[in-house]
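Here is a short report on one protein chain. Keep the sequence and the 3D view open while reading.

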Amino acid sequence: MEQEMKITLTQLRTFIAVARERSFTRAAERLSSSQPSVSAAIKHLEAELKLRLFDRTTKELHLTAEAKAFLPTIERLSDDLEASLQDLRATAERRRGRVAVAVLPSIATNVLPATISQFSAAYPNIRISLRDDNTAAIWQQVRNGEVDLGIAGRIQAEEGLHFETLIRDPFGAVMHPTHPLAGETGPIRWSELEGYPFVSFGADTGIRPLLDTIDPTPNNISSPWIEGSNIAAVLALLKANLGIAALPEMAMRSDGRDLVFRTLLDPPLYRKIGLVTRANRALSPAAQGFVDNMREVLKPQWLR
C-alpha cells in the first residue's frame, strides 16, 4: 500500500518562491520568513517527493529537470487556489454572490422595492433573483432547494422547513365603490357580508384556509360564488363589480386602485407573512445579508 504524501500549501508556496528567486535568502525575504524555515520546507518537500528540486552545486540555485517540469503545474494550482480563496472571502464579506428569493406578488410589490434598494446600495455586486408565486408553491421551492428563501404566508408546519413571522397583515372587505357596503369606509363585521356574492380563493392558496377559520362563517364565504387562483384575478373581478372579497390589506395595495377597503372585525383576522427557510441549514452570506436587511426595513411593521 502506497504511503500517503503529506505536502503542505506552505511547502509548495516556498518552492515557488525559491524557484523564482533562485535564492533561499531572497525567498525568505519575499515570504517574510526566515532562511532556516525556507530550507526546512524545501527539505521536507523533497523528502515527500523523493527527488531533488534544486541543484546546489553552484552559487546560484538552479531547478533540476524534474523540478522544471513540476513548477508550471504547482504555479497554476497555487494561482487557482488563491483566486478561489479570494472569491470565497469576497462571498463571506458579502461583496459578491447571489440570492434567489420566492415571494408573494403583494410582497414583491409593496415590500421588496425598498428592501432591494437598501440592500443593493450596501452590496452592489450581489445579484438577486426573484420568483413570485403563491404560498404553497413558495414553500415547495424552498423545500426543493430551488431558492435560498421564501417570503410567504404561514401554512401547516412542515418537517425540515422553518417559518419566522415578519408581518401581521389585517384582512378587510374589498369592493367596488358602487357596492352597497362601500358607502362607509370604517371597520365592518363579517356578519354584514352575508348575502352578497363573494369572490374567494382556491384551497391551495394561503388565504382560503384563513377564511375558513372564521366562526361562524357566513354562508357566502364558505361557499363562494367565484374562486380565483391569485390576487390579481380576484382584484380584476372586484373592479368589474362582480362581488365582494376578504383580502389582506397588503394584497389590496398591490393593484387595488379604485376599490374600497374596510377592516374586518368580530373577529379580526390577520395573515401572517414571514421567512420560509430550510431548518438546520445556514443561509449563504448573501442570503443572510438580504434577510438582515429585510428585517430592518420591516421592523416598523413587526408590532402591528
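**The chain as a whole**

This is a predicted model. The chain has 304 residues, and 40% of them count as buried. Its secondary structure consists of 12 helices and 12 strands.

**Helix 1 against helix 3**

Two packed helices are described by the angle between their axes and the distance between the axes. Helix 1 covers residues 9–21 and helix 3 covers residues 35–49; they pack at about 110°, and their axes are 9 Å apart. Helix 1 is therefore roughly perpendicular to helix 3, given that angles from 65 to 115 degrees count as such.

Helix 1 brings Gln11, Leu12, Thr14, Phe15 and Val18 to this contact. Helix 3 meets them with Val38, Ala41, Ile42, His44 and Leu45. By class, the contact of helix 1 with helix 3 has seven nonpolar residues, three polar ones and no charged ones.

Helix 3 also holds Glu46. Is Glu46 buried or exposed? Its relative accessible area is 12%, so Glu46 counts as buried, the limit being under 20%. Leaving out residues up to four places away in sequence, Glu46 touches Leu51, Arg52, Leu53, Phe54 and Arg56.

Helix 6 spans residues 112–122, and its buried residues are Leu112, Thr115 and Phe119. Viewed down the axis of helix 6, these buried residues fall within an arc of 65°, so they line one face of the helix. What covers the buried residues of helix 6? The cover includes strand 3 (97–103), helix 5 (105–110), strand 4 (126–132), strand 5 and helix 12 (285–298).

Helix 10 runs over residues 231–239. Ile231, Val234, Leu235, Leu237 and Leu238 are buried there. Down the axis of helix 10, the buried residues fall within an arc of 160°, so they too line one face of their helix. After helix 10 comes Asn241, with a positive phi near 60°.

His176 is in the loop between strand 6 (161–175) and strand 7 (188–189). At 18% relative accessibility, His176 is buried. Its side chain makes a polar contact with the side chain of Thr178, at 2.8 Å. Beyond four places in sequence, His176 touches Ala182, Leu238, Lys239, Asn241 and Leu259. Among these, Leu238 is one of the buried residues of helix 10, and Asn241 is the residue with positive phi that follows helix 10.

**Asp148 and its contacts**

Asp148 sits in the loop between helix 7 (135–143) and strand 5 (149–153). Its relative accessibility is 21%, so Asp148 counts as partly exposed. Which residues does Asp148 contact, leaving aside neighbours within four places in sequence? They are Arg98, Val99, Ala100, Arg278, Leu283 and Ala287. A polar atom of the Asp148 side chain lies 2.7 Å from the backbone nitrogen of Ala100. The C-alpha atoms of Asp148 and Ser284 are 8.0 Å apart, although 136 residues separate the two along the chain.

**Backbone features in two loops**

The loop between strand 11 (260–265) and strand 12 (270–278) contains Pro267. Asp266 is in the loop between strand 11 and strand 12 as well. A cis peptide bond joins Asp266 and Pro267, with omega about 0°. Asp266 also has a positive phi, in a residue other than glycine. Asn280 has a positive phi too, again in a residue other than glycine. Asn280 is in the loop between strand 12 and helix 12.

Both residues are listed here.

| Residue | Phi | Relative accessible area | State |
|---|---|---|---|
| Asp266 | near 55° | 52% | exposed |
| Asn280 | near 60° | 88% | exposed |

**Summing up**

Helix 6 has its buried residues on one face, and so does helix 10. Asp148 contacts residues including Arg98 and Ala287. The bond between Asp266 and Pro267 is cis.

Technical notes: Residues are numbered from 1 along each chain as its sequence is written. This is a predicted model: local features need pLDDT of at least 70, side-chain atom pairs count only at pLDDT 80 or more; totals for chains, interfaces and linings use all residues. Side-chain values use heavy atoms; hydrogens and water are left out. Axes are lines fitted to C-alpha atoms, for helices over the stretch in contact, and angles run from 0 to 180 degrees between N-to-C directions. Helices (H or I, at least four residues) and strands (E, at least two) are DSSP runs, numbered from the N terminus. Angles under 35 degrees count as roughly parallel, over 145 as roughly antiparallel, 65 to 115 as roughly perpendicular and the rest as oblique. Contact means heavy atoms within 4.5 Å. Ala, Val, Leu, Ile, Met, Phe, Trp, Tyr, Cys and Pro count as nonpolar, Asp, Glu, Lys and Arg as charged, and the others, Gly among them, as polar. Buried means under 20% relative accessible area, exposed over 50%, partly exposed in between (1.4 Å probe, protein chains only). The arc is that of the directions from the helix axis to the C-beta atoms. A polar contact is a pair of N or O atoms within 3.5 Å; within protein, one must be able to donate a hydrogen and the other to accept it, and residues adjacent in sequence count only if both atoms are side-chain atoms.
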